[in-house]
Amino acid sequence: MAHYPKPIGIYYEHPEWFKPLFAELDRRGLPYEKIDAAHHLFDPSESESRYGLVINRMSSSAYLRGHGQGIFHTAGFLTHLERLGVRVINGTVASGIETNKARQLDLLAGLGLKFPKSRVVNHVSRIPDAAKELSFPLVVKVNIGGSGAGIVRFDTPEGLQAAVDNGQIDLGIDQTALVQEFVAPRGGHITRVETLNGKFLYAMKVYTTGTSFNLCPAEICQIPDEPAAEGEFCLTTAPKKGIQVEATTPPAEVIEAVERLVAAAKIDVGGIEYLVDDRTGDVLFYDINALSNFVADAVNVVGFDPYALFVDYLEQELKLATEKALA
């Protein structure tokens, strides 16, 4: 087994999502350290990092668990690591796009990829103005969301105006949001495409009712003891909610678009979500995730263990980083 003088640093916040990753690293005997992104400190004056490679696994939904400060802290920490020349998996560019839906839409526009018609606002008072330029039904999405949180659907201008007047809309931790036309997906499903090292890894159809927006695929085949509130549940509750998933292979042109997208976003490992507009047949991209937790029971769902391939990639990157440091 190769010797690595510095460990992999795994910068993460969610207490459960990455257990399969830790298990695979343990099985391989690779050196790693867990870095608690929710309770972290670093010295910006240091000239060398203790880590040979760092994996950024910070979640945009951290604020739902009382760890919103970690989202903003991450930008400074990753900038520091990159200044020191540390190889960061999903570094500052990827993180900046993951945590900003407005940036995601601008990136899609720049690549000529279609997305639901949208407006960006930074104050609740502008939501009705934005809505006048769109068609109902529409959704209001907080800019820093994650796990489907902070998405509210409105079917009428009157319902939207009443919510604004009554102070019922929260624009989230950065007080910025998308006002976006709700699009009914053809076939009743969206598609999530997972990528690794810039290439297509697998894809899943996720069937949804349109009344809940959390399509996180982690541990999809497990059922928690208590389902979460409607509109904020993860696909851990899929069987109870009647939501189904199945492996799929998107058209070649969609895979090509996804690979262009993750290259532009500098996403080393991540998921892209899209749907087919039932009215027009257009492929509409709507979410870019620089955080992939992979589907649970993946061997049965997609035919292989993505964590094994992910750790293959991490070991390759650690080897390259170590050789570069010793050169």
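Biologist: Does His80 count as buried or exposed?

Modeller: Start with the terms: buried means under 20% relative accessible area, exposed means over 50%, and partly exposed lies in between, using a 1.4 Å probe and protein chains only. His80 has a relative accessibility of 5%, so it counts as buried. Before going on, note that this is a predicted model, in which local features need pLDDT of at least 70, side-chain atom pairs count only at pLDDT 80 or more, and totals for chains, interfaces and linings use all residues. Residues are numbered from 1 along each chain as its sequence is written, and side-chain values use heavy atoms, with hydrogens and water left out.

Biologist: Where is His80 found, and which residues does His80 touch beyond four places away in sequence?

Modeller: Helices are DSSP runs of H or I with at least four residues, strands are runs of E with at least two, and both are numbered from the N terminus. His80 belongs to helix 2, residues 68-83. Contact means heavy atoms within 4.5 Å. Not counting residues up to four places away in sequence, His80 touches Phe42, Asp43, Pro44 and Glu46.

Biologist: How many helices and strands does the protein have?

Modeller: There are 10 helices and 13 strands. Of the 327 residues, 54% count as buried. Among contacts with a separation of 6 or more, 68% come from residues 24 or more positions apart.

Biologist: At what angle do helix 1 and helix 10 pack?

Modeller: Two packed helices are described by the angle between their axes and the distance between the axes. Axes are lines fitted to C-alpha atoms, for helices over the stretch in contact, and angles run from 0 to 180 degrees between N-to-C directions. Here helix 1 (residues 19-28) and helix 10 (residues 306-326) pack at about 60 degrees, with axes 10 Å apart. The two are therefore oblique to each other; under 35 degrees would be roughly parallel, over 145 roughly antiparallel, 65 to 115 roughly perpendicular, and the rest is oblique.

Biologist: Which residues of helix 1 and helix 10 make the contact?

Modeller: Helix 1 contributes Pro20, Leu21, Glu24, Leu25 and Arg28, while helix 10 contributes Tyr307, Ala308, Phe310, Val311, Asp312, Leu314 and Glu315.

Biologist: How many residues does the largest nonpolar core have?

Modeller: A nonpolar core is a set of buried Ala, Val, Leu, Ile, Met, Phe, Trp, Tyr and Cys residues joined through side-chain atoms within 4.5 Å. The largest one has 31 residues, and those with the most contacts inside it are Ile8, Ile10, Leu21, Leu25, Phe310 and Leu314. Helix 10 gives the most to this core, with 6 residues. Leaving aside neighbours within four places in sequence, Leu25 is in contact with Ile8, Ile10, Leu30, Tyr32 and Val311. A second, separate core has 21 residues, including Ala94, Leu107, Ile272 and Ile288.

Biologist: Where does Phe115 lie?

Modeller: Phe115 is in the loop between helix 4 (101-110) and strand 5 (118-121). At 25% relative accessibility, Phe115 counts as partly exposed. Phe115 and Asp277 are 162 residues apart in sequence, and their C-alpha atoms are 9.8 Å apart in space. Beyond four places in sequence, Phe115 touches Leu105, Leu108, Ala109, Leu284 and Phe285.

Biologist: What relative accessible area does Gly198 have?

Modeller: Its value is 23%, so Gly198 is partly exposed. Gly198 sits in the loop between strand 9 (189-196) and strand 10. Apart from neighbours within four places in sequence, Gly198 is in contact with Glu259, Val262, Ile267 and Asp268.
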